[in-house]
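Subject: Structure handover

Dear colleague,

My notes on it follow directly after.

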Amino acid sequence: MAAANVNPFNLSDSEEEEAERRPNESVDTERSPSDGAPGPPGNPFSPPADTEPPTLVLSINRTSPSGEGISVSAAATAAMACSTETRVSVDVIAAQLLRDQYILTALEFHTELLEAGRELPRLRDYFSNPGNFERQSGTPPASKDQGLGPGGPLNRAGSISTLDSLDFARYSDDGNRETDERVAVLEFELRKAKETIQALRANLTQAAESELPSQERKNFKSSPEIQEPIRPLEKRALNFLVNEYLLKNEYKLSAITFSDENDDQDFELWDDVGLNIPKPPDLLQLYRNCGAALPSPRDVVDVAVGMDLGDLPGNCVALDAPKKPDLSQQQQAEVVQELEYQISLLNNEKQSLAEQMKKLQSEIQTLKRSVSSPPPATLNPGAQPTSSPPCSTNNASSDDPLAVSPTDNGQYLDIRGVSEPESDPDPPPSQNTSQPHHQSHNKLKKRPPVQFDQPNRKLSPAFQQALLSFCRMCSDSRLGAEVSRIADSEESVMLMLGRCLPHIVPNVLLAKREELIPLILCTACLHPEPKERDQLLHILFNLIKRPDDEQRQMILTGCVAFARHVGPTRVEAELLPQCWEQINHKYPERRLLVAEACGALAPYLPKEIRSSLVLSMLQQMLAEDKADMVREAVVKSLGIIMGYIDDPDKYSQGFELMLLSIGDPSERVVSAVHQVFIPAFAAWTTELGTLHSALIPALMARIEKLLTQGEHGLDEHKLHMFLSALQSLIPPLFAVVLQNAPFTSRAKLHGDTPAIEVTRFPRPASLLQDVATIIGSREMLAALLLLYDHQLEHEGTTGWDSLLWVVNQFLPQLIEIVGRINVTSSTCVHEFSRFFWRFCRTFGKIFTNTKVKPQFQEILRLSEENVDASAGNGILTKATVPIYATGVLTCYNQEEDRKLLVGFLEDVMTTLSLSYAPLDSLKAAFVELGANPVYHELLLTVLWYGVVHTSALVRCTAARMFELLVKGVNETLVAQRVVPALITLSSDPEISVRISTIPAFGTIMETVTQKELLERVKMQLASFLEDPQYQDQHSLHMEIIRTFGRVGPNAEPRFRDEFVLPHLHKLSLANNSQATESKRIDIATQLFEAYSALSCCFISEEVMVNHFLPGLRCLRADMEQLSPEHEVILSSMIKECEIKVENRGMADAQGSVSIASSLVGEDAKTKFLSKMGQLTTSGAMLANVFQRKK
């Protein structure tokens, strides 16, 4: 209601000022504001002259609600009073007490009136408005909108601080007084709460009674046969009585159903009905008394109130009317109607007089301003002189229906206008020139009243008001009150938005609520009340239940705009608490909004908060949140924080956050770490000077510790974590080298500077890892690179501390770590290869050729005189070989680089072969290079070098390398380059070389699909098995059996059935007659492995009977003598194969019935067959036989 926001006493103050200027009129104005108004003479219901006028606000159905703070009945009674006794009213006493600041006396007076049932609106409105008790310094802008008097708001003192329940001990002198004041405060607040509830229920009742126009209600009264529609509150009352009846008579299920159908009503509390009357009798009592008139509501009203029948709400009269009203009740209804009509006339006249008073007061203030400072001639051309007759003023003000609406008497604007000249004087000229916005704002406030054309009519003001009352307008509700008072300043607009937005937001569709974000933010920025701002920001963060990506972007954009507007202090005090509240919200989208907001607001926060509270919030979310997308946003926000943090003590916390985030199980979180967090953290450490002195050495130390602890089993995941973090630090490290070079001061931007090649640097994971971004621009980077290459090639590294650290400390430590990793771990080799590749590509070709390659070549020592040296051969078996070949020599793909790579691999193959060293390092290099088709031709060139080498050891190595290369090479290269080389080797004079080709032939049978190629390989393998010269070659038989067991399950079925299994049978049979026990056990063990692998394949019955089972039986004969534990397994395999063969034979004879007969006994088989014989069709009915019973 408007009364809650407007000081209702300034009008009376203005009236008193008028009374002092016009002493002859003061008594009449206070005592009877409507003297002279037409009214019915000799009203038999008018009170005696010596009766004090009642001040209870009553609900009148025939008229619109009265203006703010003015009692209808008080005005009506004053108008009807005919006594000449001059008696001071309680309203005048209350006004005098408030004007003289006797607040406690006024409070006691208000309490006594309440206890007597005679509430005074002036005191009620004053003590229900917390703005009257707020302590403020000076005269803030809010006082203008609230219509405060010249003295501004009431300064809070110790005696009245209890009115808003603030700090009780603040103004107390001793403990007893504090306790007494607290008790008084609690009692007062309890009483005010009860009053508020009662007033709200009364308003609800009044609103319900106002649903039907008075004319329609009179039609229903005059025509009882016409059924009046049920009102909502009547329906709720009847629902309550029906539910009560059902429960009392044990109709519990009906009561439950009835309650469910009316889920918007609480049937346990009569007050929930909303009627401001006591609970009526139950339905049984109403039924028994239906023939007699119900007791009048007047009987249950407090006697001290002194209510008349005409003052009762309309619904009470409606409930009181029986089907056939008697004569006395009809007379009473007529009397009530007559009184309501008189009250409406008096109310209309009161409205017109109030308008006259406002006009006169406005003119007086205009004259005051004109006397103090003469205004321009065009200030108020339409203003009327003070001596203008009241009737003309009334006509001017009542021409517009909005200006004279009976539901809003305009006190909101007029009260503020009266108090403005004294509470907010004109600002000095200097202030106006420096603040043009406020100058225009003041002009807006001080504009003259709007003038309307006056009709040349002589209607009475009462008739005019009665005529305009037919305009359907209402300001009783909250929305009506907001609509009826138009804001006339920016601050008033903000106050209005603060009140209305909480009611607007819940009624907007979820999909369109982002449209409210600008309105909410603008209001939150400019609203003067901290509580309202907090509520609006709470609405902003809770605007959408689960905001999507676009909606979150809108909210974050608004938060940033808010932060730019209000500054760091309010961001800390108002926005951060909203983030903190939702840090553990159940919806991940809301937590995601918090994580993103922390990063977006980082530039606008105080630096202390940025590096303490926000950092702690994000650290908690990173460690505890279960949603990947939330942790991803947290990592990105942490990166932003690292870009703005300036407290060196937070370095250790940032390093721990980096380690925590790169160990996250989610790939998207780790990706965000490398894209945002590590570059930002590296930029900070660069400024601190700790990138190469603390951060990189710390990661290197952790890698070394991991290798030391992982001698029995390396944690490859952790190695990947640390090495990937180190890899992300390469661009910042190179930027440090450029920025601290001797030539940096000579770098200048020239138009003729050549552009950077697209392939100069590896593709960065994000823009933050781009060296050009770190340096500042691509032009500056191009100039620095030109000087960098020139310095390395011609001038050297003297005095270049950052580069010397890389060359003399970082690089040797890396090469030493590489020599310690396990060469058989393809993951470790791949990780370090990628690292060296990016490292060399970033630092450039000249740096790689002059600084990196020499250090590797010094360690590897590939010269001929070191072939037999144990130290030289030892390093060739380490992971240094594949990492140097794949990480350093492949950085640049020009002809000389390819020749260098081919020569290195040939030398390694030759050296390892001639020294009988393990080939693991060479195999690792071939596997890593073979993954890229670009290097297939190069690797075939290296292998052909081995094929034609003079040493049989080198040729054997080349044959074994073909096995690794076949799987990744396309079939064209296999047919053109691989198979010819293998056939050449298969006819080599050395038997060891021929045996070395068997695994490669087997791999071709496993991977290639060309029939001609497979036939060539098959013929070559058949020559190994059938040629008499190989009958006693134990090593060849071992290799063939091992190869058959490896490729048999994946080879073509025809090749397996026609070639592999028959030859395994022959080898098993031949092994039974092997005289040498060691050779026999070796062959038997390999056969056992091969048969175990092939037993999982589908084998035809013919092959199973002719080759597979005979081969297993031969093998079992060997194992009975050589390995009894293997014999048990073989017996089980033979039994399973025999069962399969038996089942397949019975299936051919009896169809699908044999499957069941092999699993059940004879009785079950007989029953099953008899049931099958009863079937007439073999379609859908046959399928039902095998269904499980339900």
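The buried residues of helix α30 pack against α28 (613–624), α29, α31, α32 (691–709) and α33 (716–728). Contact here means heavy atoms within 4.5 Å, and buried means under 20% relative accessible area, with exposed over 50% and partly exposed in between (1.4 Å probe, protein chains only). The helices, like any strands, are DSSP runs numbered from the N terminus (H or I and at least four residues for helices, E and at least two for strands).

This is a predicted model, in which local features need pLDDT of at least 70 and side-chain atom pairs count only at pLDDT 80 or more, while totals for chains, interfaces and linings use all residues. Residues are numbered from 1 along each chain as its sequence is written, and side-chain values use heavy atoms, with hydrogens and water left out.

To stay with α30: 9 of its 12 residues are buried, so the helix is mostly covered. The buried residues are Tyr651, Gln653, Gly654, Phe655, Leu657, Met658, Leu659, Ser661 and Ile662. The length of α30 (residues 651–662) agrees with expectation, because 12 residues at 1.5 Å a residue should span 16 Å and the end C-alpha atoms are 17 Å apart. The expected span is 1.5 Å times one less than the number of residues.

Arg668 lies in α31 (residues 667–688) and Glu632 in α29 (residues 628–644), so the pair ties together parts 36 residues apart in sequence. Arg668 is partly exposed, at 41% relative accessible area, whereas Glu632 is buried, at 15%. A salt bridge is counted when a side-chain nitrogen of Lys or Arg is within 4 Å of a carboxyl oxygen of Asp or Glu; by this rule there are 29.

Other salt bridges:

- Glu574 and Arg533 meet at 2.9 Å, N to O. Glu574 belongs to α25 (residues 568–581) and Arg533 to α23 (residues 530–541), distant parts of the chain that are 41 residues apart. Both Glu574 and Arg533 are buried.
- Glu937 pairs with Arg977, with 2.7 Å between the closest N and O atoms. Glu937 is in α44 (residues 936–947) and Arg977 in α46 (residues 971–986), so this pair links parts 40 residues apart in sequence. Glu937 is partly exposed, at 38% relative accessible area, and Arg977 is partly exposed too, at 28%.
- Glu119, Arg124 and Asp125 are linked in a network.

Helix α23 also packs on α21 (residues 490–504): the two axes come within 10 Å and cross at roughly 30°. Axes are lines fitted to C-alpha atoms over the stretch in contact, and angles run from 0 to 180 degrees between N-to-C directions. The crossing is left-handed, that is, the near helix is turned anticlockwise from the far one by less than a right angle. Gly498, Leu501 and Pro502 of α21 make the contact with Glu532, Gln535, Leu536 and Ile539 of α23.

For the chain as a whole, there are 57 helices and 0 strands. Of its 1190 residues, 45% count as buried. Among contacts with a separation of 6 or more, 71% are between residues 24 or more positions apart. The accessible surface comes to about 60,700 Å², with 55% belonging to carbon and sulfur atoms; areas come from the Shrake-Rupley method with a 1.4 Å probe, and for residues only the protein chains shown count as cover.

Regards
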